[in-house]
Amino acid sequence: MEDGYLYFGAGPRPHDRIKLNVGGKLFETTLSTIRSGGPDSLLHALSARPIDDSNPVFIDRDPEIFSVLLSVLRTNRLPSTARRFSKQELIDEALYYGIESRLKAAMLPPPLSGIDASMVATIRPASDGLPSAFTAGAGDGSLWIAHGGQISAYDSNLAHAGTIRTHIDNITSIRRVWPDVAAVGSDAAAGLHIYDISGGRHVASTHWTDPSDPRIYKALVSAIADSPNSVYASFSCRHKENCILVIDKSTFQVVSEIGRQLGSSMKTMVPGKLTYMPSSSLIFGSAVTSGAFGYSGYIRLWDSRSGEVVWETTEPGSGRSSRFGDSFADVDVDVDESTMFKVCSNSGDVGMADLRKLGEDPWVYLRDNNPSMGHTGGGESNSVIHCYRKQVFVGRDGGLEVWSQVEEKETGEERENRVCEGSYRRNYVDKLDNLERGTVMRMEGGGDRLFISRENVEGIEVWESSNFSGSVSVL
């Protein structure tokens, strides 16, 4: 044992070396490395048997892929040589050796930083590839895509996990409410419908009804949000009456009704975006429309417990006189930071408001210290905004930019009170080929990924930070 090799009859030690012959190519590593795959792995089993170094164990598998897997066991990262193989080839070999969990962990992207993010893949369902809606797994970066009346599921490594067909012809809103359960709605089929994605079955349906008002029937779902115990869905009828239904998450029965309104004007349109804010138990809702005279809309906050409105604003019609007529094109809320962001339709400016200090005019407009980075596109652009992990992503037509917090040394009280023009900085994260792909229609963060859909473009784009993000391509 003086040379460090493991011989027949000798007691093995973790740092003893072992030789393996994989597909005719000789590999040399330590017992601790091949045992790091776990006690149930094939490699661990091979390390436990007495081995004569003069006759290494022969494994009839691909040596090049084994080299990749051995590197994963050594470093917990994919080497650059992994890009020569498809994702499925790597997974198949990892399954053979019993180390698929180690491989999948290595495949996960690094923490999402919009500053160095890039598009690494486009997920396209096999049929009806034009996505009508999608929802991301906030914790693991998995993805469910609604395309037509089908839902295709992709796991945390973006491998296709299955496709189910629903009874709806065209799903236009979808939300993951349990790990394997989705709530879906349509702008053409009444009701909120619950589907078990793993089991491929319809679980329940919920409708907005009112026996005292015959106008409330065949209500369509516009937006869906959820909390640990409830699902929130905005419904609208053909006569434009609308409300938010609070639905029990375990029984999928209606618990209460919030914000019922006639829908006869811009100020009473059905909310097109809903977000539940766990820190305050508030429901954030917004609606926006555009026409010959520009954009108009409202932002409203409801107390989820009482159903009462705690704050609201409409545009145009409120705010600084210098901003009158520069209504928001889109708005979103950062639930972690208790801040709200809007992108203005004419100037393209990004406004920020502290949800703990809302008033008649709570907006502060972010200022870029680099004049060359300023937005000059004007109001003709289509703009969408999304807050995720203390970053604000803005899509302008086909372009994508990110506003990130400026790191400063400050006390907890100063951080709580800090909402100022220079507290965020802007970076552009797109390239010319991204601009030419089409107008950004929707963005959603999940895990360490940002997912983007574009107008009349098949598939969902996957954006990740650049560190090792391009090692494996998704087929």
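**Aromatic pairs and hairpins**

Trainee: Is Phe66 buried or exposed?

Mentor: Phe66 is buried, and its relative accessible area comes out at 2%; bear in mind throughout that we are looking at a predicted model.

Trainee: How many aromatic pairs does the structure hold?

Mentor: There are five aromatic pairs in the structure. One of them joins Phe27 and Phe66 in an edge-to-face arrangement, with 4.9 Å from centre to centre and 70 degrees between the planes.

Trainee: Which parts does that pair tie together?

Mentor: Phe27 belongs to strand S2 (residues 25-30) and Phe66 to helix H3 (residues 63-75), so the pair ties together parts lying 39 residues apart in sequence. Phe27 is buried as well, at a relative accessible area of 10%, which is under the 20% cut-off.

Trainee: And what sort of pair do Tyr232 and Tyr276 form?

Mentor: Tyr232 and Tyr276 are stacked, with their centres 5.8 Å apart and 10 degrees between the planes. Because Tyr232 sits in strand S14 (residues 230-236) and Tyr276 in strand S17, this pair ties together parts that are 44 residues apart in sequence. Tyr232 is buried with a relative accessible area of 4%, and Tyr276 is buried with a value of 15%.

Trainee: What about Trp178, which residue lies over its face?

Mentor: That is Lys249, which lies over the face of Trp178 at 4.9 Å from the ring centre.

Trainee: New topic, then: in which sense do S17 and S18 pair?

Mentor: S17 (residues 273-277) and S18 (residues 282-291) pair in the antiparallel sense over five bridges, and the bridge partner of Lys273 in S18 is Ser286. Their hairpin has four residues between the strands, and there Ser281 takes a positive phi near 60 degrees.

Trainee: How many bridges join S18 to S19?

Mentor: S18 is joined by 10 bridges to S19 (residues 294-303), and the two strands run antiparallel. They form a hairpin with two residues between them.

Note on methods:
Residues are numbered from 1 along each chain as its sequence is written. This is a predicted model: local features need pLDDT of at least 70, side-chain atom pairs count only at pLDDT 80 or more; totals for chains, interfaces and linings use all residues. Side-chain values use heavy atoms; hydrogens and water are left out. Two strands pair if DSSP finds at least two bridges between them. Rings of Phe, Tyr and Trp (its six-membered ring) pair if their centres lie within 6.5 Å; planes under 30 degrees apart count as stacked, over 60 as edge-to-face and the rest as tilted. Buried means under 20% relative accessible area, exposed over 50%, partly exposed in between (1.4 Å probe, protein chains only). A charge sits over a ring if NZ of Lys or CZ of Arg is within 6 Å of the ring centre and within 35 degrees of the ring normal.
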